[in-house]
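Here is a briefing on one predicted protein model.

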Amino acid sequence: MESHGAARRGGHDRLVVLDGLRLFAALMVVVYHLLHGEGVRDDAWGAPAGQLFPGLAGVAAYGWLGVELFFLISGFVICMSSWGRTVGEFAVARVVRLYPAYWFAVLATTAVLVLFPVFATHRDWTHVLVNLTMLQSLMGVPDVEQAYWTLSVELLFYVLFALVVVVRGVTVRRVVAFCALWTLASMAAPWANNPMVLMFFGRGYAQYFIAGIAFYLMYRFGANALLWAIVGGSWIIAVSRLWAEIETYETSEFMPAAGCVTVFFVVMALIANHKSDRIRWRWLTTAGALTYPLYLMHAQIGLTAITAARPYLPAWVLLGATIAGLLLLAYLVHRLVERPTARRLRRALLRSLDSMRAADAVPVAPAPPAPAPPAPAPA
């Protein structure tokens, strides 16, 4: 495989256009949950969303597809950030990225539901504690925030990628082999008739991560027929699996959803082939930083605010004010919680890695010989 792209760019360049796409995907999900999310309808707004927001409600009905865009971007970014890292460094980077804002979001969302139970009430406290691990989906415990189900999908992707690729060292051939094998495993997983196998190898979203990985290889090393085949196959699987998702999201129809997914693939293909390289707007970096805290805290907190303020503000004003308030909250969490906590957590974890490496380097003294058994007593 040719590597002319590698001469132009290193493996860890920051693409601000991806930051902008991430915020766009997050806002898609935010608007969807505020207008069409579980339990919304008449409870939060007092009237159907289509009546209050003609035009917008129909478009927002497809906001759940922002998750698919997130997964595409995640495949790209995880492959990029894993290059040249050991499995320990990869794990530290992922933990530091995911957990500080998440811990705060779980506690903040719970506090809002306890103090202002106007839209929903908090979960059992044991559920809240389990949610702090981010493993609640694996334990059959409800999510504190309805959007958290995607985090377990991300975590399993990280684990699978680390075990198959990172632990042996990231190379192009290993990454391509991973894409091919995971595609086959995700297609075969339903035949196992085992929910854990389905969750680990598929759950209907593997194709987005796989396409994102292939897009990164295009970006760094240049496009070729094999990578286009991986992307094309992933797109076909993604569109075909939309039929099952449409049954869950009753507000949507197949053709518009398939069109959105296709646009996502086209946009990522343009980025992968350096058609967006001129986009270097510095504010997009800040926009990307808001994405994760916004995603973690938008639904329950936003709907609580809407339910409480509904009698006092027009619907359009209330929606705009809620989204603006959530963006401000995300910025404050990023600056005051996520960044300082992440720095401390990274230092602590890296020190732990260093101590384990040092312990492994210490030669182990051979065990002393066992004492000889005592001579038998004379008869």
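Met134 sits in the loop that joins α8 to α9 (136–139); helices (H or I, at least four residues) and strands (E, at least two) are DSSP runs, numbered from the N terminus. Its phi is near 70 degrees, a positive value in a residue other than glycine. Met134 is buried, with a relative accessible area of 2%. Buried means under 20% relative accessible area, exposed over 50%, and partly exposed in between (1.4 Å probe, protein chains only).

The model is predicted: local features need pLDDT of at least 70, side-chain atom pairs count only at pLDDT 80 or more, and totals for chains, interfaces and linings use all residues. Residues are numbered from 1 along each chain as its sequence is written, and side-chain values use heavy atoms, with hydrogens and water left out.

**Overall fold**

- The protein chain has 18 helices and 0 strands.
- Buried residues make up 51% of its 379 residues.
- Take the contacts (heavy atoms within 4.5 Å) in the protein chain with a separation of 6 or more: residues 24 or more positions apart account for 80% of them.
- The protein chain exposes about 18700 Å², and carbon and sulfur atoms supply 67% of that area. Accessible areas come from the Shrake-Rupley method with a 1.4 Å probe; for residues, only the protein chains shown count as cover.

- His274 lies in the loop between α15 and α16 (283–297).
- At 18% relative accessibility, His274 counts as buried.

**Buried helix residues and their contacts**

- Phe264 belongs to helix α15 (residues 254–272). With 6% relative accessibility, Phe264 counts as buried.
- Setting aside residues up to four places away in sequence, Phe264 touches Met28, Leu65, Leu69 and Leu72.
- Phe264 and Leu69 are 195 residues apart along the chain, yet their C-alpha atoms are separated by 6.3 Å.
- Thr304 is placed in helix α17 (residues 299–309). Its relative accessibility is 5%, so Thr304 counts as buried.
- Beyond its neighbours within four places in sequence, Thr304 is in contact with Val112, Leu113, Phe116, Val118 and Phe119.

**Salt bridges**

- A salt bridge is a side-chain nitrogen of Lys or Arg within 4 Å of a carboxyl oxygen of Asp or Glu. By this rule the count comes to 3.
- Arg22 pairs with Asp19, with the closest N and O atoms 3.2 Å apart. Both residues lie in helix α2 (residues 16–36), 3 residues apart, about one turn of the helix. Arg22 and Asp19 are both buried.
- Arg97 pairs with Glu338, with the closest N and O atoms 3.1 Å apart. This pair links distant parts of the chain: Arg97 is in helix α7 and Glu338 in helix α18, 241 residues apart.
- Arg97 is partly exposed, with a relative accessible area of 28%. Glu338 counts as buried at 7% relative accessibility.
- Arg357 pairs with Asp354, with the closest N and O atoms 3.0 Å apart. The two are separated by about one helical turn because they are 3 residues apart in helix α18.
- Arg357 is partly exposed, with a relative accessible area of 40%. Asp354 also counts as partly exposed, at 44% relative accessibility.

**Surface patches**

- Patches are made of residues with over 30% relative accessible area and no salt bridge; like charges are joined within 9 Å, and nonpolar side chains (Val, Leu, Ile, Met, Phe, Trp, Tyr) within 5 Å.
- Val114, Leu115, Phe116, Val118 and Trp125 make a nonpolar surface patch of about 530 Å².
- Phe116 lies in the loop between α7 (87–115) and α8 (125–131). Phe116 is partly exposed, with a relative accessible area of 48%.
- Arg85, Arg335, Arg339, Arg343, Arg344, Arg346, Arg347 and Arg351 form a positive surface patch. Lys and Arg count as positive and Asp and Glu as negative; His and the chain ends are not counted. The place of a charge is taken as NZ of Lys, CZ of Arg, CG of Asp or CD of Glu.
- Arg346 lies in helix α18 (residues 315–361). At 37% relative accessibility, Arg346 counts as partly exposed.
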